[in-house]
Amino acid sequence: RGFGSSCFGWPEPRRLRSWVTTGFLALGRAASALRAPPCLCAPPGRMSEGGLRRRNVAAADDGGSNMQRAFEKLKSFDVYSKVHDDYLQKSQTGGAVSLVTAMISSFLFWAELAEFTSAEVEHSFSVDTSFTRRLPVSMNITLPSLRCDMVSVDTVDSKGESQLNVRGSMGRENLDRSGRVVPERVPKPGECLDCLEGASEEHACCNTCSELKDAYVVKNLSYAHILESSEQCGAAVGCRIVGSIMVSKCSGNVHIALGESRLKGRALVHRFNVQDIAQNLINTSHIIHSISFGEPVPGAVSPLDGTVKIVKHGAYMFHYHIKLVPTEFTDRYGVRVETNQYSFTDVARNVHVRNGEMNGLPGIFIVYDIYPFLMKSTEKVKPWSYIFTSSCALIGGVFSVASLVEMFASRAIGQLFGCKPGISL
């Protein structure tokens, strides 16, 4: 009765329906709980009946689908179509073209890389204001038929400054007939060699070539004919002049001339025996190995280097008229070098002796004049973008042309041999 049952002990129909409905609802909840995955978290403020937070499953699904849609849209921008390997055709012609293309691309890339590492030189001009500085003159000249003690190295400029018989920085080396250096003869203790025709009370012994030559000069005799035969001078027949000299930065000349130079008043004179020239004993043949007016710079050319002048008869006077261009060179690292470039013209004439007088002085005269403007040369390097853009254009162009070559070659082979493209011969 406490449950509202009837007299026979069964519950009333109304209560029975309520119990059945409640039971089905409980079974439905249990089944839903079994199907759903366990939730360990839920959005803030939402709690499950057991006190656990529930995951926002729908929101996560929406995020993943949005990401997939974004990637799918990205495919629409792909301009590089892909072909499955099963649909590709390969042939011997294509392999040969590919190898040749790779070699050509490699060669052109290295050529482009060499061009990138090289520097371009830009030139500009301005007025030269450095005339107070000194001008260095460096030379290496060989006289194969004149001894060093027979010539003098002198400088004369338009300011009136002169340097006579320059030594020290301008070295001299005696040479034998084969061009080898001959050391100066050192007399032995107590030695006394004959002075030959130059013997006198003042010159009783001539142990060196210079002493023998001085003995002949004192007696006003020609000594050219005994230079090769005498014991003092016989080994040396030529001379090499190597070194540098500083001169004023103005017009002037540097000369290597016959005889001993002296200054008389404001005139420069050379002392020698005129009969040596009349008897063809003086030969001014020479070789200019190198000559420069300043520090060497990349790309600068010295036109006189390697000049050879051979005199077969007579005593010649050689003039080299040089036009100097002051140059300031700056390399890619900012190092500045001052030098002079030049051009030249040359004139040679035979010196004749008439009535005891000459119409010139045998020797080599380097006459220089300086232009009043300054040329500035600056190295410029290429930017890194040059190698990237040129390499891409080069490689892309080669492969584009190669694809056309391969296509025409495959068609031509197919028509000649009756095979389809992609089929090996």
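Cys-192 counts as partly exposed because its relative accessibility is 45%, where partly exposed covers the range between buried, under 20% relative accessible area, and exposed, over 50% (1.4 Å probe, protein chains only). The residue lies in the loop between β6 and α4 (209–218). Helices (H or I, at least four residues) and strands (E, at least two) are DSSP runs, numbered from the N terminus. Cys-192 and Cys-206 are 14 residues apart along the chain, and their C-alpha atoms are separated by 6.6 Å.

The model is predicted, with local features requiring pLDDT of at least 70 and side-chain atom pairs counting only at pLDDT 80 or more, while totals for chains, interfaces and linings use all residues. Residues are numbered from 1 along each chain as its sequence is written, and side-chain values use heavy atoms, with hydrogens and water left out.

Strands of a sheet pair through backbone hydrogen bonds, either parallel or antiparallel. Here six strands form an open sheet with antiparallel pairing, in the order β6-β5-β7-β2-β11-β12; two strands pair if DSSP finds at least two bridges between them. The edges are held by β6 (181–182) and β12 (307–309), and each has a single partner strand, so one side of each is left without a neighbour in the sheet. Strand β5 (residues 170–175) runs antiparallel to β6 and is joined to it by two bridges. Asn-174 has Val-182 in β6 as its bridge partner.

Six of the seven residues of strand β3 (residues 151–157) are buried, so the strand is largely enclosed by the rest of the structure. Strand β8 (residues 252–258) pairs with β3 in the antiparallel sense over seven bridges. Within this pairing, Asp-154 stands opposite His-255, and Val-156 has Asn-253 as its bridge partner. β8 is mostly covered, with seven of its seven residues buried.

Strand β3 also pairs with strand β4 (residues 162–163), in the antiparallel sense and over two bridges. Thr-155 stands opposite Gln-163 of β4. The hairpin of β3 and β4 has four residues between the strands, and in it Gly-160 takes a positive phi near 95 degrees. Strand β8 is in turn joined to β17 by six bridges, and these two run antiparallel. Gly-252 stands opposite Tyr-368 in β17.

The next topic is the aromatic rings. A pair of aromatic rings is described by the distance of the centres and the angle of the planes. The structure holds nine aromatic pairs. Rings of Phe, Tyr and Trp (its six-membered ring) pair if their centres lie within 6.5 Å; planes under 30 degrees apart count as stacked, over 60 as edge-to-face and the rest as tilted. Phe-116 and Trp-384 have ring centres 5.1 Å apart and planes at 50 degrees, so this pair is tilted. Phe-116 lies in helix α3 (residues 92–117) and Trp-384 in helix α6 (residues 384–417), so the pair ties together parts that are 268 residues apart in sequence. Phe-116 counts as buried because its relative accessibility is 11%, whereas Trp-384, at 62%, counts as exposed.

Phe-293 and Tyr-368 also form a tilted aromatic pair, 6.3 Å centre to centre with 55 degrees between the planes. Phe-293 lies in the loop between β11 (286–292) and β12, and Tyr-368 in strand β17 (residues 363–370), so that the pair links distant parts of the chain, 75 residues apart. Both Phe-293 and Tyr-368 are buried.

Ring pairs also link Phe-116, Trp-384 and Tyr-386 into a cluster. Over the ring of Tyr-386 sits the charged end of Lys-382, 5.8 Å from the ring centre; a charge sits over a ring if NZ of Lys or CZ of Arg is within 6 Å of the ring centre and within 35 degrees of the ring normal.

How do the axes of α3 and α6 cross? They come within 9 Å and cross at roughly 160 degrees; axes are lines fitted to C-alpha atoms, for helices over the stretch in contact, and angles run from 0 to 180 degrees between N-to-C directions. That makes α3 roughly antiparallel to α6, since angles under 35 degrees count as roughly parallel, over 145 as roughly antiparallel, 65 to 115 as roughly perpendicular and the rest as oblique.
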